[in-house]
Amino acid sequence: MAQVSPLAVHGVCDPRFELVRQEFERNFAERGEAGASVSVTVDGETAVDLWGGVADPAAGRPWERDTAVVVWSCSKGATAICAHVLASRGELDLDSPVARYWPEFAQNGKEAIPVRMLLDHQAGLAALRRPLPPGAFYDWELMTSALAAEEPFWTPGTRHGYHGLTFGYLVGEVVRRVSGILFDRFFQEAVAVPLGLDFRFGLPEADEGRVAPCIAQPPPDPNNLTPMERQVFSDPASVTFLMLANIGGYMLPGECDTRAAHAAVIPSAGGVTNARGLAGLYAPLATGGGPLVDEGSVRRMSAVSSAGVDATIFLPTRFALGFVKSIDNRRHPAGGNNSVILSEEAFGHSGIGGSIGFADPAARMSFGYAMTRHGAGAGLNERGQRLVDAAYRCIGRTTDAYGTWA
């Protein structure tokens, strides 16, 4: 592999993927990137492993090879993989009621909800009605007990709505009940360690110094609100408002960068890794599934399970069982930054601000991108989408100037 000039970014890039390197450099030069990493594997081998910029602008600390960052909802993909590992082993039946594994869940009309509805956001548990105390997201038992007692916001199975911050406790508790060990330990033992990933839920204090703080996206323009933002500002009893506001302060500015947040196990949003960790997470799923799951599991993981206008974010979304599928909302009046444009075979998860990890089994490619500066929206902003487009072009896929698949 060709060594990349330290004047631009650092790392290695196969000459075949030169366009990815060029777009990564342009992100810094033209698109406001602060600190970031991008990684691509093909046939399980690293083709791109680049990083650059500053990890902490205030301190002038550069982004190093082992710099990591909170990857927000990319965490959901890692959590979903844990459930599929158990399903592939025959220990978890995704069509069985959640209550089979988690008896306390059988309250307030949830007795028959199957595990798959937790994974594809159809369970109606996108938020909690009972006010949560400060720091609630750092208390696993509090969150799982509250969700077990909660009544669904809609009849499960009749619609889907993004379970933005409850997903991880729901799926993670099923993983805990089935495996008999804490979620973060299962992830390490079944996924991270076998794959050699630098990816943690519950970051050890010894690693705190290499985490880059997040640079939050700007507040919404009150004159140009998305449907979800309008709901948040107008209806404090809505599932959308509660999903974002009733979370014990986790979304307050700067909270995600605290030691308490990094130390907690938050499987919806608190994973700490970098692009290498995201691409490495999905690399086995791009090449048949081993050693994590079998090929039948990969097919199940990549299939669309719920789609349409989302009941919590009011934009079209498409989900597999725990994963985001390609969705092009660019022509939607409020959807420009809420698109994730991949090939139809691909599946993975984006994170708020623009990070992403995914597998494309047809291309035998995995991809990861993680950064400090958040863009607007819940999908990929231009920086991430340009890198995804470039990776596909490098393997012979054609697009227009900004991501429409041919």
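A residue is taken as buried when its relative accessible area is under 20%. In this predicted model, Arg176 and Glu173 are both buried, and they form a salt bridge in which the closest N and O atoms lie 2.8 Å apart. The two residues belong to helix α6 (residues 167-179), where a spacing of three residues places them about one turn of the helix apart.

Salt bridges number 22 in the structure. Glu30 and Arg26 supply another example, with an N to O distance of 3.0 Å. Glu30 is exposed at 52% relative accessibility, while Arg26 is partly exposed at 35%.

Glu382, at 32% relative accessibility, is partly exposed, and Arg386 is partly exposed with a relative accessible area of 21%. Through shared partners, salt bridges join Glu382 and Arg386 with Glu23, Arg26, Glu30 and Arg31 into one network.

Turning to the cysteines, the structure holds zero disulfides. For Cys74, the nearest cysteine sulfur is that of Cys214, 11 Å away. The sulfur of Cys82 has its closest cysteine sulfur in Cys74, at 15 Å, and is therefore too far away for a bond. Cys74 is buried, with a relative accessible area of 1%, and Cys82 is buried at 0% relative accessibility.

Conventions:
Residues are numbered from 1 along each chain as its sequence is written. This is a predicted model: local features need pLDDT of at least 70, side-chain atom pairs count only at pLDDT 80 or more; totals for chains, interfaces and linings use all residues. Side-chain values use heavy atoms; hydrogens and water are left out. A disulfide is a pair of cysteine sulfur atoms within 2.5 Å. Buried means under 20% relative accessible area, exposed over 50%, partly exposed in between (1.4 Å probe, protein chains only). A salt bridge is a side-chain nitrogen of Lys or Arg within 4 Å of a carboxyl oxygen of Asp or Glu. Helices (H or I, at least four residues) and strands (E, at least two) are DSSP runs, numbered from the N terminus.
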